[in-house]
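Me: Could you walk me through how the strands and helices pack in this one?
Reply: Gladly; here it is.

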Amino acid sequence: MAKSKKSAKKTKSAAKKPARKVVKLAAKKPAAKKASAKPAAKKSNGNGAPKPSSKPFGLAGKALDGVRILDFTHVQSGPTCTQLLAWFGADVIKVERPGVGDITRGQLVDVKGADSLYFTMLNHNKRSITIDSKHPQGKRVLNELIKKCDVLVENFAPGALDRMGLTWEHIHKLNPRMIVASVKGFGPGPYEDCKVYENVAQCTGGSASTTGFREGPPLVTGAQIGDSGTGLHLALGIVTALYQRNRTGRGQKVLAAMQDGVLNLCRVKLRDQQRLKAGPLTEYSQYGEGVPFGDATPRAGNDSGGGQPGWILKCKGWETDPNAYIYFITQAPVWAAICDLIGEPTWKTDPEYATPRARLPKLKAIFRRIEDWTMTMTKFEVMNACNAVDIPVGPILSMKEIAEDESLRATGTVVEVDHPTRGKYLSVGNPIKMSDSVTEVKRSPLLGEHTDEILTSVLGFKAKEVAEIKNSGALSAPQKEEKAA
Ligand code: COA
């Protein structure tokens, strides 16, 4: 999709003569237009799409081959999004501030002098160029990049992109096909100018008020639903905008607000908010315990949100292992199997236990009885015993167990990546598997590693122009310049 200055020139000069001929033909015989459309129709399957590729699955390129991304993202939310696009084959050019780069390069450092895991695990398969976006020569380079890219992705504080001079109007004028995609903390409204981090979004998106135990304070969750969750939402918005552009020929603005993304993931809690009007929420254990409901969706502890009572139960070794637990659901269809497994066969027919309604007020006692059984086995033994009779359960896996899980390694969900300054490290690979667009996880770029390559092969700048831009200081840190002087 995006063409380099150099390759565009090359194509132009190589095709000079035939291009003239085509123009002549078209001018003389308008019918020639129809004729030139014919071969394309032959290649199509009739609905405008090309004929199915004859190449084996996985060898017909990547889903987003040809899409070039101008990646202005930093920290976590934006980089998650552009990393996904890179895994799907997009050429992601990460623009970083000279000398500093994405702030996460130097955050939570575990290997001195090397990029942090925070950075490396969020920036695979990208190229890095350093540009001072406020320097006149930096602006010149950025303008050229805007012309050559399909999507600009950013998650600066509100207004920062405009302050760089990169307003929607400016970008759209330079490249009407450009999609401008942003993560912000809030959508338009009273908080639109606020800066936002992960936990702020978890709190304002409804997650924290509905997480934790009834008796305790609101809780944030370890899953980065505000950052990575919003990055996922933005990635979907971008590919959808690319699809629409195939029809309209023009770009558009895409906004994923972190509050909105978190709320989308908390959809079932807004469901429960409205159900409160119709009476107490019977699947919440507080109902069985006789605790009255207030006027907002309460914290549900470890209750299952799906209407089938569930809880986290101890397994063998819980006294010393903080993760020797399992999530257990007393699903109505498998109640008989549960009774047999735990050694309470009479509960299958006893009217005090046989129906979900009869069990509701005694759930605490029932789970205690099931726990007596789960505590006799390890979480994996409980999992095997339950799955043998189709009872779904969730062993609480530690990050250590996940890191060592062979099946996750085999599918590429956990990958080992080599890095020139930090050595080997583990990362989460692409969680979305596609049979015709297979992900290869490549290490994150060093700061400015691809600056020259991008200036010459993407933007087509001549050596003299590159030298001029570099000498201006637009691509290097001011301190380094002072030292050199
Ligand atoms: N060259 C020159 N200046 C650059 C630059 C570059 N290559 N890259 C960034 N900057 C400047 C910006 O222009 C901005 O300057 P300004 O304030 O004068 O306009 C400055 O660096 C700081 O950028 P900002 O985005 O405000 O960073 P921050 O550290 O102050 O705030 C966030 C960080 C994450 C709170 C903020 O970016 C934000 O709210 N983003 C949207 C929500 C989000 O994504 N949050 C989650 C992050 S995981």
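Strand pairing and helix packing

Reply: Strand β2 (residues 91–96) and β3 run parallel and are joined by five bridges, where strands, like helices, are DSSP runs numbered from the N terminus (E, at least two residues, for strands; H or I, at least four, for helices), and two strands pair if DSSP finds at least two bridges between them. This is a predicted model, in which local features need pLDDT of at least 70 and side-chain atom pairs count only at pLDDT 80 or more, while totals for chains, interfaces and linings use all residues. Residues are numbered from 1 along each chain as its sequence is written.

Me: Which residue of β3 is the bridge partner of K94?
Reply: The partner of K94 there is S128.

Me: And what order do the strands of the open sheet take?
Reply: Six strands make up the open sheet, ordered β3-β2-β1-β4-β5-β6, with parallel pairing. At its edges lie β3 (126–130) and β6 (253–257), each of which pairs on one side only. From one strand to the next, the twist averages 20°.

Me: Which strands does α10 touch?
Reply: α10 packs on the sheet against β4 (151–154), β5 (179–184) and β6, where contact between two residues requires their C-beta atoms, placed from the backbone, to lie within 7 Å. The direction of α10 makes about 165° with that of β5, angles being taken from 0 to 180 degrees between N-to-C directions, with axes fitted to C-alpha atoms, for helices over the stretch in contact.

Me: What about α11, where does that lie?
Reply: Helix α11 (residues 258–265) lies across β5 and β6, and runs at about 65° to β6.

Me: Back to α10: how do α4 and α10 cross?
Reply: The axes of α4 (residues 77–87) and α10 (residues 228–248) come within 7 Å and cross at roughly 45°. The two helices are therefore oblique to each other, since angles under 35 degrees count as roughly parallel, over 145 as roughly antiparallel, 65 to 115 as roughly perpendicular and the rest as oblique.

Me: Which residues make that contact?
Reply: On α4 they are S77, G78, T80, C81, L84 and L85, and on α10 they are S228, T230, G231, L232, L234, A235 and I238.
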